[in-house]
Amino acid sequence: MKRVKKSPFIFLTLVGCCFTNLLWAQEEYKDPKNKKGTEVFEGGASYQVKHYPQKTFSKTPKNIILMIGDGMGLAQIFSGMTANGGHLFLENFKNIGFSKTASASNYTTDSAAGATALSTGVKTFNGAIGVDNQKQPLSHILEKAIKKGLKTGLVATSSITHATPGAFIAHVDSRKSFEDIALDFLKTDIDVFIGGGRKYFETRKEGRNLIMEFQNKGYQIAYNLESIRNTTSGKLVGLTAADHNPPMPERGEFLEIATESALHLLNQSKKGFFLMVEGSQIDFSAHKNDTPGVVLEMLDFDKAIGTALAFAAKNQETLIIVTADHETGGMTLLNGDFTTGKVEAKYTTGGHTGIAVPIFAYGPGAAEFCGFMENTDIAKKMMQLLSLEQKP
Ligand SMILES: [Zn+2]
C-alpha cells in the first residue's frame, strides 16, 4: 500500500529528473557529472617537432589562419606535450596571451557563443550561432573577408555544421539547427570547407540536395581524403563523414591533409585569405573525461599546427593564431612521464569550465595577442590586421 501512495511522487520525480537531464543534454557546457572515462594515457604516441624561427615579418599579415582547439585549456595542451616527450609544435609560438571566454549569458560559455565571439567580436548567449542577444545576424570575419576579395576556408574534424565552424558562416538562433546552418554555407562565396556533416547537405527534411546546388555553383565535391588532396585549384566542398568524422586514431591524417589542401587552394589568392581550422574533438574527449582521447586529439591538432607553421614560415605574410573557445572537463595533471609519455589526469566536471584559455600567435601582427584580453578582442584584432571594415 505504501508503494502505491508514493508512486505519483516517484513518477513526478522521474519526470523532473528526465526533464533536467534533457536540459543538460541540450546545454552540454554545464553538465556537472564526472564521466569516469579512462584517466590514464599509457604513452606510445610521439613525433618529431620542427623549429620554425620567426623571421622579420612585415607589420601586418596578408593571410590569417585561426586555429581553434575546442575545449583546449593548458592541461589539455600539457597532456599532449607530456605524451610527446615534452615538446609540441606550439612551442614555436613566442607571443602568448589569455582569452576571457565568458558569454553574454553565462560565466561558462558553450562553443556556439564562444565561436561567435571569435568570429564577430560580439558576445552573445549560449547556443547562438552568428546572432546577437536580440537574435539579429552579426557580420563575421569570413563575410567581411569575402567582401574585400580575400579567399576563405573552414576546416573541422567534427561536422562542418557543428557550433564552432557554423558560427563562422551561419546566422541561426540555435546550434542544433544543423540543416539551417548547412543552408547558410550556400549563401556565401566561401572557397573551401572540409569536415563531416554530409547528411545535413544531402538528406534534408525539405528535400533539397545542397551538394548538387554547390556543384551548380561551380564547386568540386570530395567525399574522401584522396580526392580532397587531388583537388589543386578552384572551389571545394569536402565532406568525409555523414556526421562527425571518427575520433583519433581512426581518423588518421585527416586534419593535416585537410589543412594542407585548404592552404594550397587559398594561397592562390592575390589579396590574401582567412582560414579557420578546428580540432573539434579535444572537447568531445574531455566531456567523457577520457585522457587517451584528449591526448590523441591534442597531438592531432598540434600536427595540423605544424602544417600551418611550415606554410607560414615559408610564406612570411601569414599570421597564425591558436586558441580555444573554452576549457572542457576542468582537467588537471597529477602525474606524467616525459620518457614514456604516460599522462595521469583528473577531471572536475563532465562539462565546460569558465577559466581563461591560452592564445598563441606567430607571424606579422603576433605581438597584438599578448596579455589578457576578451575573446571578442581576438576577432576585432584580426579584422583590424586584415583591414576589414567593422560595424560600429
Ligand atoms: Zn563542449
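How many of the five residues of strand β5 are buried? Good morning. Before I answer, please keep in mind that the structure shown above is a predicted model.

The answer is five of the five: every position in β5, residues 192–196, is buried, so this strand is largely enclosed by the rest of the structure. Let us see what lies beside it. Strand β4, residues 151–159, is joined to β5 by four bridges, and the two run parallel. Within that pairing, V155 stands opposite I194 of β5. Strand β5 also pairs with strand β7, residues 236–239, again through four bridges and in the parallel sense. There, G195 has L239 of β7 as its bridge partner.

I turn now to an antiparallel case. Three strands form an open sheet in the order β1-β12-β11, and their pairing is antiparallel. The edge strands are β1, residues 40–41, and β11, residues 332–337, each of which pairs on one side only. Two bridges connect β1 with strand β12, residues 342–346. In that pairing, V40 has E344 of β12 as its bridge partner. Helix α2, residues 74–83, packs on this sheet and touches β1, β11 and β12. The direction of α2 makes about 5° with that of β11.

My next topic is a single residue. The relative accessible area of S119 is 0%, and buried means under 20%, so S119 counts as buried. Which residues does S119 touch, leaving aside those up to four places away in sequence? They are S139, H140, I141, A167, F168, A379 and M383.

Finally, let us consider empty space. Rolling a probe the size of a water molecule over the atoms shows where such space is left. The largest pocket has a volume of about 520 Å³. It is lined by 23 residues, and the closest to its centre are E260, G306, T307, A310 and F311. Two elements give two or more residues to this lining: α10, residues 254–266, and α12, residues 291–315. Helix α12 gives the most, with seven residues. What classes of residue make up the lining of the largest pocket? Seven are nonpolar, nine are polar and seven are charged.

Thank you for your attention.

Note on methods:
Residues numbered from 1 in each chain as written. Predicted model: local features only at pLDDT ≥ 70, side-chain atom pairs only at ≥ 80, totals over all residues. Heavy atoms only, no water. Pairing = 2+ DSSP bridges. Contact = heavy atoms within 4.5 Å. Axes fitted to C-alpha atoms, helices over the stretch in contact; angles between N-to-C directions. Buried < 20%, exposed > 50% of the residue type's maximum accessible area, 1.4 Å probe, protein only. 1 Å grid on protein atoms, 1.4 Å probe; cavity = no way out; pocket = protein on both sides within 12 Å on 5 of 7 lines; lining within 4 Å. Points joined across faces, edges and corners; volume = space filled by probe spheres on them. Nonpolar A, V, L, I, M, F, W, Y, C, P; charged D, E, K, R; others polar.
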